Each structure stands twice: as structure tokens, then as C-alpha cells.
Amino acid sequence: METQSLWLGALRRPMRVLMIVLVAALVLVWLWLAIGSLFLGSGIDMSAILRPGDNVLVKLMLWLLLAVSLVASVYLSDTKGAIEVVPTGPIDILSLILSRLAMIAIVVIVGVMFYEVVARYLFAKPTLWANELSLWLAGFVFLLAGLYSMQQRSHIRIYTIYDMMPRWAQKAADTFTVVLIWAFFIALLWGGYDEVRDKLLRMETFGTAWDPPIPSTIKAGIVLIIGLVALQALSNLIADWNKAAELHTAADEIDEHEIANLKKALGADDNG
């Protein structure tokens with residue numbers, strides 16, 4: 001059964017086909033490189049993938065990897081999770097796309113660490129890159145998780161005083177919160193722009209054997225994604241401005257969908 005489109009509409013099916021085609025092309029290029037490395041002595045390793053030089057196939061694989069990640073993120077963002085907030089504008093959609101990219105990155109991290117464990121303890125051939133690649137991806141996952149939490153209004157909040165306020169005071173408190181978020185971002189941009197520029201211009205690396213550009217990319221990611229968090233906070237304020245006041249209780253923390261799935265798994269009905 002086809003899942004209902006959230007925002008792509010008629011583009012959902014073409015996007016799915018494009019994703020499948022790109023994944024197939026990526027797998028074929030990867031297999032060709034793997035066969036060449038194993039049987040033809042091409043010598044392609046993770047260092048060559050990080051710095052491909054004039055190797056056309058490695059460059060093609062990297063571009064395909066980027067395209068697959070972006071297209072898959074767009075396609076997956078078109079499906080609403082059971083407890084997710086419905087997007088209300090382009091900023092929400094961008095945050096959803098980036099959140100799906102972070103979810104894909106988590107799967108990649110698990111795969112990389114599994115490979116490292118097998119290589120290290122089963123074949124006694126540890127890698128030089130698994131830990132650093134996982135660290136690199138996890139840094140962006142951490143940042144994008146903050147953006148996703150802002151879009152979903154799921155950051156930890158204490159409502160004891162907030163719920164006692166009249167609606168106009170709640171709006172004032174929300175506005176003050178957004179102003180503080182923007183003040184933090186402007187201060188971060190003011191203090192960090194020169195450092196980010198310098199790190200990117202020299203593409204500062206990690207200083208290890210594999211030597212990925214973790215410092216430069218993570219520093220730039222911090223400034224960029226915090227800026228997106230500030231935009232998302234402003235988008236939330238505008239979207240929620242005319243909503244009626246909500247009364248928050250302990251029952252809000254109960255995930256009815258998850259409870260229903262647990263009952264189904266245990267074979268229990270509503271009476272059991």
C-alpha cells in the first residue's frame with residue numbers, strides 16, 4: 001500500500017525511482033572498485049577515497065554517494081512518523097530532510113563500527129579510519145538532532161509556570177525565547193566567522209594517519225546548523241502564534257502508538 005505523500009505530491013514516485021537508480025549505480029561503481037582493489041591491484045583504499053585526486057571512478061562514487069544521500073533524505077522526509085509534527089512551511093520541510101540525512105548517517109555509523117569490530121577481532125586487521133569516520137558523522141548527527149528537536153518542539157521544557165500564564169504572556173515568553181536563540185546565533189556568527197573561514201580555506205585536518213578534515217567541517221557545521229535552528233525557532237513561533245493555549249500534563253509523555261505496538265507484539269487486547 002502506497003504511503004500518503006506529506007509534501008512531495010506527484011513527485012513522490014519519480015523521486016523513489018530516482019533513488020533506486022542512484023543506489024543501483026552506486027553499488028555497481030563500488031563493486032567495480034572493490035573487484036579492482038581485490039583482484040586487479042588498483043590499490044583503492046579509504047585514503048584514496050578521502051583524497052581521490054585524478055581517479056575518475058572514486059570521484060564518481062563520491063558524487064553518487066552524495067546524490068543517494070540527498071535524494072533518499074528528500075524521499076524519506078515525505079513520510080510522517082507516528083508521533084511527528086506535521087510540517088507547516090519550507091523551513092519545516094528542510095529540517096525534516098536534514099533529519100532524515102542524520103538518520104541515514106546513524107545507520108552508516110553502525111555499519112562502520114560493525115565492520116571495524118569484525119576486522120579487528122575476527123581478522124586482526126583494524127582500520128585507521130573507522131573511529132574517525134564515526135566521530136565525523138556523529139558530530140553532524142548531534143547537530144542535526146538539535147535542529148530536528150526544534151522542528152518537532154521536543155526539547156525538554158518545564159511548563160509549571162508557562163501553563164499558568166494567559167495566552168498573551170505565553171506568546172511573550174515564546175518571543176523572548178526566540179530572541180535569546182537569535183542572540184546566541186548572532187554572537188556565535190560574530191565570534192566564529194573568521195575562524196570558520198580560516199579553517200575552511202586551509203581545510204584543517206585531524207592530524208592522524210587517515211587525516212580527515214573534521215575540525216574545519218564540524219566548525220562550519222556548528223555555525224550553519226545553529227543558524228538553521230534559529231530559523232526553525234522563528235518558524236515555530238510564527239506557525240504557533242494563533243494556536244489556542246495548550247494544557248500540558250504527564251499524559252503528554254505517553255506514546256499511545258508505541259503502547260499499541262507493544263500490546264500487539266504481546267498479543268494483548270485493550271482489556272488485557
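Student: Is the crossing in which α3 passes α4 left-handed or right-handed?
Tutor: α3 passes α4 in a right-handed crossing. A crossing is left-handed if the near helix is turned anticlockwise from the far one by less than a right angle, and right-handed if clockwise. The structure is a predicted model, in which local features need pLDDT of at least 70, side-chain atom pairs count only at pLDDT 80 or more, and totals for chains, interfaces and linings use all residues. Residues are numbered from 1 along each chain as its sequence is written, and side-chain values use heavy atoms, with hydrogens and water left out.

Student: How many helices and strands does the protein chain have?
Tutor: The protein chain has eight helices and zero strands, and the pattern along the sequence is α-α-α-α-α-α-α-α. Helices (H or I, at least four residues) and strands (E, at least two) are DSSP runs, numbered from the N terminus. Along the principal axes, the C-alpha atoms of the protein chain fill a box of roughly 70 × 55 × 40 Å.

Student: How do you know that the span of helix α3 agrees with its number of residues?
Tutor: The expected span of a helix is 1.5 Å times one less than its number of residues. Helix α3 (residues 56-76) has 21 residues and should therefore span 30 Å; its end C-alpha atoms are 30 Å apart, which agrees.

Student: Which residue caps the N-terminal end of α3?
Tutor: The cap is asparagine 55, from which a side-chain oxygen lies 3.2 Å from the backbone nitrogen of leucine 57. A polar contact is a pair of N or O atoms within 3.5 Å; within protein, one must be able to donate a hydrogen and the other to accept it, and residues adjacent in sequence count only if both atoms are side-chain atoms.

Student: Which residues of α3 are called buried?
Tutor: Among them are Val58, Met61, Leu64 and Val68. Buried means under 20% relative accessible area, exposed over 50%, and partly exposed in between (1.4 Å probe, protein chains only). Of the 272 residues of the protein chain, 32% count as buried.

Student: At what angle do the axes of α3 and α4 cross?
Tutor: The axes of α3 and α4 cross at roughly 120° and come within 8 Å.
Student: What makes α3 oblique to α4?
Tutor: Angles under 35 degrees count as roughly parallel, over 145 as roughly antiparallel, 65 to 115 as roughly perpendicular and the rest as oblique. The angle of roughly 120° therefore makes α3 oblique to α4. Axes are lines fitted to C-alpha atoms, for helices over the stretch in contact, and angles run from 0 to 180 degrees between N-to-C directions.

Student: At what angle do α4 and α5 pack?
Tutor: Helix α4 (residues 90-121) and helix α5 (residues 130-151) pack at about 150°, with their axes 8 Å apart. That angle makes α4 roughly antiparallel to α5. The crossing of α4 and α5 is left-handed. The residues of their contact comprise 18 nonpolar, four polar and three charged. Here Ala, Val, Leu, Ile, Met, Phe, Trp, Tyr, Cys and Pro count as nonpolar, Asp, Glu, Lys and Arg as charged, and the others, Gly among them, as polar.

Student: Why are α6 and α7 called roughly antiparallel?
Tutor: α6 and α7 pack at an angle of about 160°, with their axes 9 Å apart. At that angle α6 and α7 are therefore roughly antiparallel to each other. Their crossing is left-handed, and the residues of their contact divide into 19 nonpolar, three polar and six charged.

Student: What makes alanine 124 count as exposed?
Tutor: Alanine 124 has 61% relative accessibility, and so counts as exposed. Alanine 124 is in the loop between α4 and α5, and has a positive phi of about 55° although it is not a glycine.

Student: Why does methionine 203 count as partly exposed?
Tutor: The relative accessibility of methionine 203 is 40%, so methionine 203 counts as partly exposed. Methionine 203 is in the loop between α6 (167-202) and α7 (214-240). The phi of methionine 203 is near 45°, a positive value in a residue other than glycine.

Student: How do you know that arginine 153 is partly exposed?
Tutor: Arginine 153, at 23% relative accessibility, counts as partly exposed.
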